[in-house]
Amino acid sequence: MPERRRFLAGMIRSLGAATVGGIAWMGFLDGKKSRPDILRPPGAIPEQDFLLKCTKCGLCVEACPFQSLILARPGDERPVGTPYFKMRENPCRMCREIPCTVACPTGALDRSLVSDRDEQGKRRLNVNLSKIGLAVIDRETCIAYWGIQCDACYRSCPVMDKAVTVEYVRNERTGKHAILAPVVHSDHCTGCGMCERACINQKASIFVLPRDAVMGESSARYVRGWESGDEERIEGLPDETETVTPRSEKKALDYLNKGDL
Ligand code: SF4
Ligand code: SF4
């Protein structure tokens, strides 16, 4: 049975059994109760806009040839009817034609976010532009960082040598060996989750999280002196604001002179 029909059948069964559970059902519909680590399909627009645009039609889920996408059901801790991944179980295979994105009729999955231009200037889909999430490594449990040779995540990466590289680091514990440490590069990582599935640990030591959950944002005022033209970027930025409070108005000496320190 196609995933969408299975989902609808399950939903109707749930509704039938839920005469007493009406209030709980409404709770499931409340996106606010959702987990903060939901991973959406390639081309997904920012989460708040996604929730407004996604009509829960399930066409993206049906279009996925690997059944990697799941339609959230009651109890999944995700807004019911919206598509998401469980990377450890079934990651995204990065289809070149990105059928999930193409199937979306509402723009919740926006193909312009996963498109660029070829040499002739023609628009084309490019799945490597996907930003499903970002892989993060727990260096305390990753055995490669212990000094044991393991490159399972590195080898599984579809953007190998760009999104995940292996760096030689001195093994401080032995003082004479090298550690072959996997390193993730956010500019190329698509968050496909192949590394998470490949990790040989009982619980993956490399896992995908939404990018805004793991990435900071530098102040716009800092200039990258080594990048040509970056200085021009800050021209015209408004002056820095200063917060003045009764406390900040006083100087340190004022407090010293009060003699009650
Ligand atoms: S890119 Fe392919 S494997 Fe990944 S979710 Fe879309 S259809 Fe499924
Ligand atoms: S195809 Fe688009 S609108 Fe339909 S469930 Fe998927 S993301 Fe939502």
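**A predicted chain with two ligands**

Met94 sits in the loop that runs between strand 2 and helix 5 (99–103); helices here are DSSP runs of H or I with at least four residues, strands are runs of E with at least two, and both are numbered from the N terminus. This is a predicted model, in which local features need pLDDT of at least 70, side-chain atom pairs count only at pLDDT 80 or more, and totals for chains, interfaces and linings use all residues. Residues are numbered from 1 along each chain as its sequence is written, while chains are lettered from A and ligands numbered from 1 in the order in which they are written.

Back to Met94: its phi is near 60 degrees, a positive value in a residue other than glycine. Met94 is partly exposed, as 17 other C-beta atoms lie within 10 Å. On this scale, 20 or more other C-beta atoms within 10 Å of a residue's own make it buried, 12 or fewer make it exposed, and anything in between is partly exposed, with C-beta atoms placed from the backbone. Asp161 also has a positive phi, near 75 degrees, and belongs to the loop between helix 6 and strand 6 (164–170). With 11 C-beta neighbours inside 10 Å, Asp161 counts as exposed.

As for confidence, the mean pLDDT of the chain is 87, and 84% of its residues reach 70 or more; pLDDT is the predictor's confidence in each residue, from 0 to 100. Over residues 11–30, though, pLDDT stays under 50, and the model has seven contacts beyond four places in sequence for that stretch. Two residues are in contact if their C-beta atoms, placed from the backbone, lie within 7 Å. Where pLDDT is low, the predicted coordinates should not be read in detail.

Now for the fold. The chain has 11 helices and eight strands, and buried residues make up 25% of its 261 residues. Among contacts with a separation of 6 or more, 66% join residues 24 or more positions apart.

The largest nonpolar core has 39 residues, of which Cys195 and Ile206 touch the most other members. Such a core is a set of buried Ala, Val, Leu, Ile, Met, Phe, Trp, Tyr and Cys residues joined through C-beta atoms within 7 Å. Elements that each supply at least two residues of this core include helix 4 (59–63), strand 5 (134–137), helix 7 (194–198) and strand 8 (206–209). Domain 1 (3–129) and domain 2 (134–212) both contribute residues, so the core lies between them; these bounds come from an automatic or database domain assignment. Leaving out residues up to four places away in sequence, Ile206 touches Ala135, Ile137, Cys142, Cys153, Cys195, Glu196 and Cys199.

Glu196 turns up again beside Arg88, which touches Glu196, Arg197 and Ala204, residues up to four places away in sequence aside. Arg88 is in the loop between strand 2 and helix 5, and its C-alpha is 8.0 Å from that of Phe207, 119 residues apart in sequence.

On to the ligands. Ligand 1 has 15 residues around it, with Cys64, Cys92, Arg93, Cys95 and Cys100 coming nearest; a residue is near a molecule if its C-beta atom, placed from the backbone, lies within 6 Å of it. Around ligand 2 there are 13 residues, and Cys54, Cys57, Cys60, Cys104 and Ala108 come nearest.
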